[in-house]
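Please look over the model below.

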Amino acid sequence: MNANSSVDGRARAVASLIERSEIYRAIFARVALFTGTLSILLAVGIYLNDETKFTTGRPVRAREFGMLWVAIFILEIAAALFFLAREARRSGRPLFSAEFKVALNQLKPFPIIPAAFTGWFLTTGYLGAQELNLVVVWIAFYGLMLLGTSLFAPRGIVGLGWPFLLTSLSVPVIANLIEGYISIDVPNVLMGVTFGLYHLFSAALNWLRK
């Protein structure tokens, strides 16, 4: 009986997520706009500081690079929780509802490897110039996480996972092409394109569909 009740509760939660998909699409559009804007600003700031005369006189080192982008991810999570909490308050629903728990259980395996790799990078990995590998891990698993929402999320959210995943798989070719023509920080460019431009494009599409 308990097992059947648990299954029924999960099914109802998933059904509720699907019914409210347009609301979550609007929330995702706002989070994507916020994250994309911050990512573009950070990527441009790092480029200006490291590659142009608009510099602080001290380049962004590998460990600082990782910590700056981790800060962007934390702000993205904070923005998502803010918009979810505001929507829950408007509708008179608890933030940590059954739907929230189902979505969280669906997504929680994906950050494990990126978190472990990031922890290693920030402690010792940064000494070996592993920024490109770090970025590939972030981009790949972010794409997988978005694809993992296919059980309940709108296609406008799930579909964003494919550009992230395909970009991570094509990094060796992209890196060689970029480095062959111009001298530029490839990891920073990749982060600006994926977490910046991809998010802004997705935000625009989801807003139009809303």
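What percentage of the 210 residues in the protein chain is made up of buried residues? Buried residues make up 40% of them, where buried means under 20% relative accessible area, exposed over 50% and partly exposed in between, with a 1.4 Å probe and protein chains only. This is a predicted model, in which local features need pLDDT of at least 70, side-chain atom pairs count only at pLDDT 80 or more, and totals for chains, interfaces and linings use all residues. Residues are numbered from 1 along each chain as its sequence is written, and side-chain values use heavy atoms, with hydrogens and water left out.

**Fold.** The protein chain has ten helices and zero strands. Helices (H or I, at least four residues) and strands (E, at least two) are DSSP runs, numbered from the N terminus. Contacts are heavy atoms within 4.5 Å. Among contacts with a separation of 6 or more, 74% join residues 24 or more positions apart.

Helix α5 spans residues 112-123. Its twelve residues reach 17 Å from first C-alpha to last, close to the 16 Å expected at 1.5 Å a residue, the expected span being 1.5 Å times one less than the number of residues.

| Helix | Buried residues | Arc |
|---|---|---|
| α5 | P114, T118, F121, L122 | 90 degrees |
| α4 | E99, F100, V102, A103 | 165 degrees |

What covers them includes α3 (62-91) and α6 (131-147). The face turned away carries the exposed residues I112, A116 and T123.

**A buried threonine.** T35 is found in helix α2. T35 is buried, with a relative accessible area of 1%. Not counting residues up to four places away in sequence, T35 touches I72, E76, F195 and H199.

**The largest pocket.** About 1400 Å³ of space lies in it. A pocket is an open set of points on a 1 Å grid over the protein atoms alone, where a 1.4 Å probe fits, with protein on both sides within 12 Å along at least five of seven lines; lining residues have an atom within 4 Å of a point. Of the 44 lining residues, E76, I77, A80, L107 and M145 are the closest to the centre. Helix α3 gives the most to the lining, with ten residues. The lining divides into 35 nonpolar, four polar and five charged residues. Here Ala, Val, Leu, Ile, Met, Phe, Trp, Tyr, Cys and Pro count as nonpolar, Asp, Glu, Lys and Arg as charged, and the others, Gly among them, as polar.

How values were computed. Arc of directions from axis to C-beta. Points joined across faces, edges and corners; volume = space filled by probe spheres on them.
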